[in-house]
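Student: I have not seen this structure before. Could we go through it by question and answer?

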Amino acid sequence: GKKTNSKTHTNGGSKQAVVGKITNTKGDALDDGLFKTVIVEGFFTPEMNIREKVGSQVIVVGAGLEGSISGSFGKAGKCKVSFPDGISKDSIGAKVELRS
């Protein structure tokens with residue numbers, strides 16, 4: 001899609017889910033091969049203060065896995081999301097939703 005700089009307004013008052021995507025795992029795998037932390041892009045713009053969103057719930061669409069934002073990653077609006085129960089490397093590329 002084309003990138004426009006105009007702010008999009010959602011109609012209908014219900015909060016749109018913010019959708020991002022898992023781009024990578026971070027750190028070493030646990031003994032069971034799962035990872036505690038992944039990198040997500042698409043939730044935030046570089047201008048946003050991700051620190052204010054730390055602790056926000058993140059859902060892996062279709063997998064029912066729940067994690068939470070643990071901090072920013074780099075300067076391009078990516079963030080770290082921690083999954084206490086672990087998440088597999090197969091989740092890279094998966095859609096995730098930010099619940100505020």
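This is a predicted model: local features need pLDDT of at least 70, side-chain atom pairs count only at pLDDT 80 or more; totals for chains, interfaces and linings use all residues.

Student: Is Asn24 buried, partly exposed or exposed?
Tutor: Buried means under 20% relative accessible area and exposed means over 50%. Asn24 has 38% relative accessibility, so Asn24 counts as partly exposed.

Student: How far apart in space are Asn24 and Ser91, C-alpha to C-alpha?
Tutor: In sequence, Asn24 and Ser91 are 67 residues apart. In space, the C-alpha to C-alpha distance between Asn24 and Ser91 is 8.5 Å.

Student: Which residue in E2 is the bridge partner of Thr25?
Tutor: Strands E1 and E2 run antiparallel and are joined by five bridges. For Thr25, the bridge partner in E2 is Val38.

Student: Which residue in E5 stands opposite Thr37?
Tutor: Thr37 is found in strand E2. E2 is joined by five bridges to strand E5 (residues 78-87), and the two run antiparallel. In E5, the residue opposite Thr37 is Ser82.

Student: Why does Thr37 count as buried?
Tutor: The cut-off for buried is under 20% relative accessible area. Thr37 counts as buried because its relative accessible area is 18%.

Student: Which residues does Thr37 touch, not counting those up to four places away in sequence?
Tutor: A contact needs heavy atoms within 4.5 Å. With residues up to four places away in sequence left out, Thr37 touches Thr25, Lys26, Lys80, Val81 and Ser82.

Student: How many residues of strand E2 are buried?
Tutor: Strand E2 covers residues 35-41 and is mostly covered. Of its seven residues, the number buried is five.

Student: What share of the residues of the protein is buried?
Tutor: The protein has 100 residues. The share of them that counts as buried is 28%.

Student: What pattern does the protein follow along the sequence?
Tutor: Its secondary structure comes to zero helices and six strands. Read along the sequence, the pattern is β-β-β-β-β-β.

Notes. Residues are numbered from 1 along each chain as its sequence is written. Side-chain values use heavy atoms; hydrogens and water are left out. Helices (H or I, at least four residues) and strands (E, at least two) are DSSP runs, numbered from the N terminus. Buried means under 20% relative accessible area, exposed over 50%, partly exposed in between (1.4 Å probe, protein chains only). Two strands pair if DSSP finds at least two bridges between them.
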